[in-house]
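Look over the sequence and the model below.

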Amino acid sequence: MKYVIIGGDAAGMSAAMEILRNVDNAEITTLERGEIYSYGQCGLPYVIDGRISSPDHLIARSALEFRKRGIDARIHHEVQKVDFEAQVVKGRYRAEPFTVSYDKLLIATGASPTMPDWEGAHLANIHTVKTIPQMNELLESLQDTRHVTVLGAGYIALEVVEALKSRNLQVRLIHRGKQLMSLIDEQLAEHVLAEAQKHGVEVLLNEQVTGFSGATRVEAVITEQGSYPTDLVIVATGIKPNTAFADKLEQWGNGAIIVDEHMQTSIPNVYAAGDCVAHFNYVKGEYDYVALGTTANKQGRIAGLNMAGKTAHFKGVAGTAILKFFDLAIGMTGITSNDADKLGLAYDVYTHKANHIAGYYPDVQPIYLRMVVEKNTQKLLGLQAVGAGVDKRIDVFATALAAEMTLPELLDIDLSYSPPFNGVWDPLLQIAKRYS
């Protein structure tokens with residue numbers, strides 16, 4: 001049995017290892033267009049300020065290590081076309097064409113940063129941050145840089161902003177929207193804005209970038225409102241699935257491949273997993289796009305098991321995520337009130353400010369919660385949290401969402417208590433006690 005996997009990172013190599021464990025004498029070929037296998041992309045922002053001393057520390061296993069395990073792990077193999085009828089993958093290895101046949105195929109090509117068609121986007125010192133080579137280029141450019149402008153306001157943009165400030169650089173953030181972190185409701189995003197300004201970040205909202213100016217390297221960012229001098233630009237405005245060669249497969253609105261619970265695509269013997277696929281959101285009850293490393297690894301495992309002849313199911317995602325931004329944690333799971341409006345749901349929103357640990361214990365800090373609950377059934381729909389102690393509450397709530405719990409049922413959860421870790425009434429239970 002010939003297994004071909006396009007992509008050598010989280011989803012692809014999780015699948016390859018499951019096939020290796022479950023199929024005797026499996027012939028596994030992985031095709032990676034770069035030269036680096038299996039690394040933690042989410043750690044890249046922390047290389048900027050030296051919290052992680054080298055991008056190389058993010059590499060879990062090299063191509064050579066996979067080859068020693070019996071996987072034909074190829075590098076510099078860029079796939080350009082798949083003949084799904086003949087079951088053949090075609091592309092280029094450096095300047096030479098290659099062809100590989102398969103019995104079962106996994107597409108795990110991930111996603112790439114978007115670069116809008118801005119005038120001057122070709123200038124030097126305009127960067128994106130998604131791969132280790134891109135990070136190495138950025139680190140070299142930062143050596144003689146004093147001012148950086150970051151475009152965007154999502155996970156990567158905020159993490160990069162924090163890291164740049166830790167290098168004692170002047171930082172400006174420009175975003176076309178009205179708030180930072182559009183994945184949370186506006187009421188909590190105010191705390192994120194205040195945190196950025198507290199740490200000296202210049203934040204410009206509601207500004208649409210139109211281009212860049214400079215001779216050979218960027219000298220200013222141009223928006224509809226004006227021109228802003230800068231030494232370097234980091235573009236973090238979003239990502240797009242790498243699926244151009246897979247247009248014969250059923251796709252979602254942004255080009256992400258649609259798969260079933262077994263990670264099977266619309267064509268037999270072809271599977272897909274990771275950032276290149278649409279993810280079923282079981283809270284929304286519809287497909288979504290939530291590109292996270294946790295999801296990619298899980299989907300890769302499930303794809304690999306099914307390709308190996310086992311039966312494995314992917315329930316879906318709730319959109320659970322968290323990030324650190326200076327002294328704040330920002331977390332979310334399930335849906336926001338904006339999502340609920342779009343879905344036409346009747347809902348209640350409960351907001352609450354609490355202490356993250358016992359109020360009398362040293363170093364107590366606030367946590368701000370925003371909970372979305374279905375109006376008639378009191379079924380839990382979503383939680384956003386900003387402040388301290390966010391990770392615990394988000395993970396508890398994500399578990400409750402998976403169990404389809406209601407607000408009153410939160411009170412039955414036996415949560416841990418000790419003054420350094422919690423109050424006698426956890427903030428989640430405080431909301432349940434007050435409103436159920």
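This is a predicted model: local features need pLDDT of at least 70, side-chain atom pairs count only at pLDDT 80 or more; totals for chains, interfaces and linings use all residues.

Strand S5 covers residues 88–93 and runs antiparallel to S4, joined by six bridges. On its other pairing, S5 is joined to S6, again by six bridges and again antiparallel. Here Lys90 stands opposite Thr99 in S6.

The strand order is S4-S5-S6, and the sheet is open. Strand S4 (77–83) and strand S6 (96–101) stand at the edges. Each has a single partner strand, so one side of each has no neighbour in the sheet. Direction ignored, neighbouring strands of this sheet are turned by 25° against each other on average. In a regular strand, side chains alternate between the two faces of the sheet.

The hairpin of S5 and S6 has two residues between the strands. Arg94 in this hairpin takes a positive phi near 55°.

## Overall fold

The protein holds 11 helices and 25 strands. Its C-alpha atoms fill a box of roughly 65 × 55 × 40 Å along the principal axes. Of the 436 residues, 53% are buried.

How does the radius of gyration fit a compact globule? With 436 residues, such a globule would have a value near 22 Å. The protein has 23 Å, which agrees.

## Salt bridges across the chain

The count comes to 14 salt bridges. One of them joins Glu162 and Arg51, with the closest N and O atoms 3.4 Å apart. This pair links distant parts of the chain, 111 residues apart. Glu162 belongs to helix H5 (residues 155–166). Arg51 lies in the loop between helix H2 (45–48) and helix H3 (63–68). Arg51 is partly exposed, at 41% relative accessibility.

A second bridge joins Arg370 to Asp185, with the closest N and O atoms 2.7 Å apart. The partners are 185 residues apart in the chain. Arg370 is in strand S24 (residues 366–374). Asp185 is in the loop between strand S11 (170–174) and helix H6 (186–198). Arg370 counts as buried at 8% relative accessibility. Asp185 is buried too, with a relative accessible area of 1%.

## A bridge within a helix, and a network

Lys198 and Glu195 meet through their side chains in a salt bridge, 3.3 Å from N to O. Both residues are in helix H6. They are three residues apart, so about one helical turn separates them. Lys198 is exposed, with a relative accessible area of 55%. Glu195 counts as buried at 5% relative accessibility.

Elsewhere, salt bridges share partners. They join Asp49, Arg51, Glu162 and Lys324 into one network.

## A nonpolar surface patch

Which residues form a nonpolar patch on the surface? They are Tyr360, Tyr361, Leu411, Tyr417, Val424 and Trp425. Together they have about 640 Å² of accessible area.

Leu411 sits in the loop between helix H10 (407–410) and helix H11 (427–435). Its relative accessible area is 33%, so Leu411 counts as partly exposed. Residues in such a patch need over 30% relative accessible area, and the value for Leu411 is 33%.

## Positive phi in loops

Most residues other than glycine have a negative phi. Asp363 has a positive value, near 65°. Asp363 is placed in the loop between strand S23 (347–355) and S24. With a relative accessible area of 66%, Asp363 is exposed.

Glu404 also has a positive phi, near 55°. Glu404 is found in the loop between helix H9 (390–402) and H10. At 52% relative accessibility, Glu404 counts as exposed, since the cut-off is over 50%.

Technical notes:
Residues are numbered from 1 along each chain as its sequence is written. Side-chain values use heavy atoms; hydrogens and water are left out. Patches are made of residues with over 30% relative accessible area and no salt bridge: like charges are joined within 9 Å, nonpolar side chains (Val, Leu, Ile, Met, Phe, Trp, Tyr) within 5 Å. Accessible areas come from the Shrake-Rupley method with a 1.4 Å probe; for residues, only the protein chains shown count as cover. A salt bridge is a side-chain nitrogen of Lys or Arg within 4 Å of a carboxyl oxygen of Asp or Glu. Helices (H or I, at least four residues) and strands (E, at least two) are DSSP runs, numbered from the N terminus. Buried means under 20% relative accessible area, exposed over 50%, partly exposed in between (1.4 Å probe, protein chains only). Two strands pair if DSSP finds at least two bridges between them. Axes are lines fitted to C-alpha atoms, for helices over the stretch in contact, and angles run from 0 to 180 degrees between N-to-C directions. The radius of gyration is taken over C-alpha atoms; the globule rule is 2.2 Å times the number of residues to the power 0.38.
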